[in-house]
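Q: Can we go through this one together? I'll start with charges, then move to the fold and the helices.

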Amino acid sequence: MSRPTPLRGVHEALGATLTDFAGWLMPLRYGSESAEHNAVRQAAGLFDLSHMGEIFVTGPQAGEALDYALVGHLSALEPGRARYTMIVDPDGGVLDDLIVYRLAADEFMVVANASNYPRVAAELTGRAKDFDAAVDDRSEQYALVAVQGPNSRAILGELTDADLDGLKYYAGLPATVAGIQVLIARTGYTGEDGFELFAAAGDAEPLWAALTEAGAPHGLVPAGLSARDTLRLEAGMPLYGNELTAELTPFDAGLGRVVKFDKPGDFVGRAALEPLKDVPPARRLVGLIATGRRVPRHGYPVVVADDGAVVGEVTSGAPSQTLGRPIAMAYVDGDRSEGLAVSIRGTHEAVEVVDLPFYRRKK
Amino acid sequence: MSSIPGDLQYTKEHEWVAGIDDGLTLTVGVTAYAAEALGDVVYVQVPEVGSTVAAGDAVGEVESTKSVSDIFAPVGGEITEVNESVVDDPSLVNSDPYGEGWLFRIRMEGEPEDLLSAEEYGVLTSGES
């Protein structure tokens, strides 16, 4: 049985199509996923992300413990700010991609993917044992609700006195929203401006209700995982299990910039990753835009159109509402970019190779 | 609960079939249950008019944001007509699966086997949902 989030009753009352995702019973869509996608691009969408993990690392050496445990330089992070980073195994393989918030000098919150957070919590506990720091997995105590889209600032502004204009991208702020204590983070996974609100699990329903009511005049609609996936794909953001796996290093994924070799001390994965930093990877992650209407999907081979030689593999693909054509991310050998196709159930469909992302919002 | 019109027959692959007055031709589409399970349909590939197919052949596909499904021939025969409107506007499969969202017509060679009544199809889909 899949685990429900604190908002299961809300999703059922809204008539959501529920699906198992990483062991959680999550809303896939409430109505039309295309309409939900477009609402986030043009107005705003409301997401339940309570399946994500929240792991707290606290103590005088919390920053040093994270410097050792992760590839990023977290002890250098200013309180109130956040970083995108990764945890890798000793071979350099990506165990998860993370957002780490520094809540105070001696308190960090590590946000991990639903499928990985028990493993991440266990790894952090083991890696922190020689530091004066405690690791506490509080995922079950937290709900996470996201408001994403160009109108999200206006919607949230109606429910809080917090200084939202002073809240930068990748920053977090403890605040009261509709009378509920939350951590407001200016982060997201849609390519739009937006906020993620971390709240106590028991406050999830009243928080959702307040956002729904304040958002209605601004075009806010509930949005499911299907829209979340197409939004992040258009924004060129990797999904663990698709673009990122334990068989790939951050460099393989084109994300070597998150590995901070210049930070002090050793870190798990340093020895394995250091030799890779100046080596062009054998494959690179590219964007594909299909010429036709059939959709390249996860696992489909990328081939040379002329001779059918397999030169890569699709990691994620979907019809793009914004581009009006199917798009995909794929790992492709070398720097090949011309004359490629995707083998879609036996038929070669021509694709154009493009740089990521497919979509970038106008600032 | 998706609708299951009583005057149609159904297949286990979630297609509906309707007889045409000539007694030789069937109209085929996907059910509302299938359309809802797929989500927003973005692409429909229909068989070629004039092609001859065998019962159970995959003759086309219906693709949505999240998945793709084959369309099967419910009976052997010749494809006599396809719905070009649904090729141009695949969302017709979602908005009107039993009407404007029909997919193709086939002139039967032999009789279709294993068709379900609306009641039987209702039992099948209530067990799956």
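This is a predicted model: local features need pLDDT of at least 70, side-chain atom pairs count only at pLDDT 80 or more; totals for chains, interfaces and linings use all residues.

**Charges, fold, helices**

Q: How far apart are the mean positions of the positive and negative charges of chain A?
A: They are 4 Å apart, for 33 positive and 49 negative charges. Lys and Arg count as positive, Asp and Glu as negative; His and the chain ends are not counted. Each charge is placed at NZ of Lys, CZ of Arg, CG of Asp or CD of Glu.

Q: What share of chain A is buried?
A: 56% of its 363 residues. Buried means under 20% relative accessible area (1.4 Å probe, protein chains only).

Q: Now helix 2 of chain A. Why is it called largely enclosed?
A: Because seven of its ten residues (33-42) are buried. They are Glu33(A), Ser34(A), Glu36(A), His37(A), Ala39(A), Val40(A) and Arg41(A). Helices are DSSP runs of H or I, at least four residues; strands are E, at least two; both are numbered from the N terminus.

Q: What covers those buried residues?
A: The cover includes strand 3 (24-29), strand 10 (142-148) and helix 7 (225-234) of chain A. Contact means heavy atoms within 4.5 Å.

Q: And which residues of helix 4 of chain A are buried?
A: In helix 4 (residues 117-127), Tyr117(A), Val120(A), Ala121(A), Leu124(A) and Arg127(A). They cover an arc of only 135° around the axis, so they sit on the same side of helix 4 of chain A. The arc uses directions from the helix axis to the C-beta atoms.

Terms used
Residues are numbered from 1 along each chain as its sequence is written. Chains are lettered from A and ligands numbered from 1 in the order in which they are written. Side-chain values use heavy atoms; hydrogens and water are left out. Buried means under 20% relative accessible area, exposed over 50%, partly exposed in between (1.4 Å probe, protein chains only).
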